[in-house]
Amino acid sequence: MKKFLITLLLVASANCFAQSLEKEDLDVIQSIYGRSKAELVKQYMNLSDEQTSAFLKVYEGYEAERKSLGLTKLKLIDDYAINYATLTDAKADELAKGLLKNNLSYEKLYNKTYNKAKKAIGAINAAKFVQLEFYLQTAISSEIQDSIPFIGEIEKSKVN
């Protein structure tokens, strides 16, 4: 019963993250910084009107791809939650490979976005954006990771 409740909690938390991601008003960022991600990026970047116009084109394309990758990641988390109690070698392998592929896709997106942003707003501002994005994604990943048990964690906490 305990495993079922934890699995249910994991599925519910993954679905909450997916809904927040789709609305673009991530609860994690909202709770940490008191504003939406778009507002936070705009304030942090502090670009001129001309630069803002050029940057928004890059940012909007980035966000569309990032959201897609985020949903893929959430599906992997959901799959992990559903299969946690009965995880097999084959399922663990599938999930690990999916996560590694997703992480690689994020890295490719960061690289592509940096190059586009560098052309639009210069290297310093492009690096500033990538640095902020790394920070935000790390904060979000940390929140997610804190809500997910490690493989075998529940079994280790049992009282014999």
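1. Start with how helix 3 and helix 6 pack: in this predicted model, the angle between them is about 145° and their axes lie 10 Å apart. The crossing is right-handed. From helix 3, the residues involved are Lys37, Leu40, Val41, Tyr44 and Met45. On the helix 6 side they meet Asn125, Lys128, Phe129, Gln131, Leu132, Glu133, Leu136 and Gln137. Sorted by class, the contact of helix 3 with helix 6 comes to seven nonpolar, three polar and three charged residues.

2. Glutamate 133, in helix 6, deserves a look of its own. Its relative accessibility is 0%, so glutamate 133 counts as buried. Leaving out residues up to four places away in sequence, glutamate 133 touches Lys37, Tyr62, Glu63, Arg66 and Tyr110.

3. Now the nonpolar side of things. The largest nonpolar core has 19 residues, and those touching the most other members are Val41, Met45, Phe55, Tyr59, Tyr62, Ile121 and Phe129. At least two residues of this core come from each of helix 3, helix 4, helix 5 and helix 6. There is also a second, separate core of nine residues, with Leu76, Tyr80, Ile140 and Ile144 among them.

4. Two members of the larger set can be followed residue by residue. Methionine 45 touches Phe55, Ile121, Asn125, Lys128 and Phe129, again setting aside residues up to four places away in sequence. Phenylalanine 55 sits in helix 4 and, with 5% relative accessibility, counts as buried because the cut-off is under 20%. Phenylalanine 55 and isoleucine 121 are 66 residues apart along the chain, yet 6.5 Å separates their C-alpha atoms.

5. Isoleucine 121 brings us to helix 5, residues 89-121. Just after helix 5, glycine 122 has a positive phi of about 90°.

6. Which residues of helix 5 are buried? They are Lys91, Leu95, Gly98, Asn102, Tyr106, Leu109, Tyr110, Thr113, Ala117 and Ile121. Their cover includes helix 3 (37-45), helix 4 (49-83) and helix 6 (123-146).

Conventions
Residues numbered from 1 in each chain as written. Predicted model: local features only at pLDDT ≥ 70, side-chain atom pairs only at ≥ 80, totals over all residues. Heavy atoms only, no water. Helix = DSSP H or I, 4+ residues; strand = E, 2+ residues; numbered from the N terminus. Expected span 1.5 Å × (residues − 1). Buried < 20%, exposed > 50% of the residue type's maximum accessible area, 1.4 Å probe, protein only. Contact = heavy atoms within 4.5 Å. Axes fitted to C-alpha atoms, helices over the stretch in contact; angles between N-to-C directions. Left-handed = near helix turned anticlockwise from the far one by under 90°. Nonpolar A, V, L, I, M, F, W, Y, C, P; charged D, E, K, R; others polar. Core = buried A, V, L, I, M, F, W, Y, C linked by side-chain atoms within 4.5 Å.
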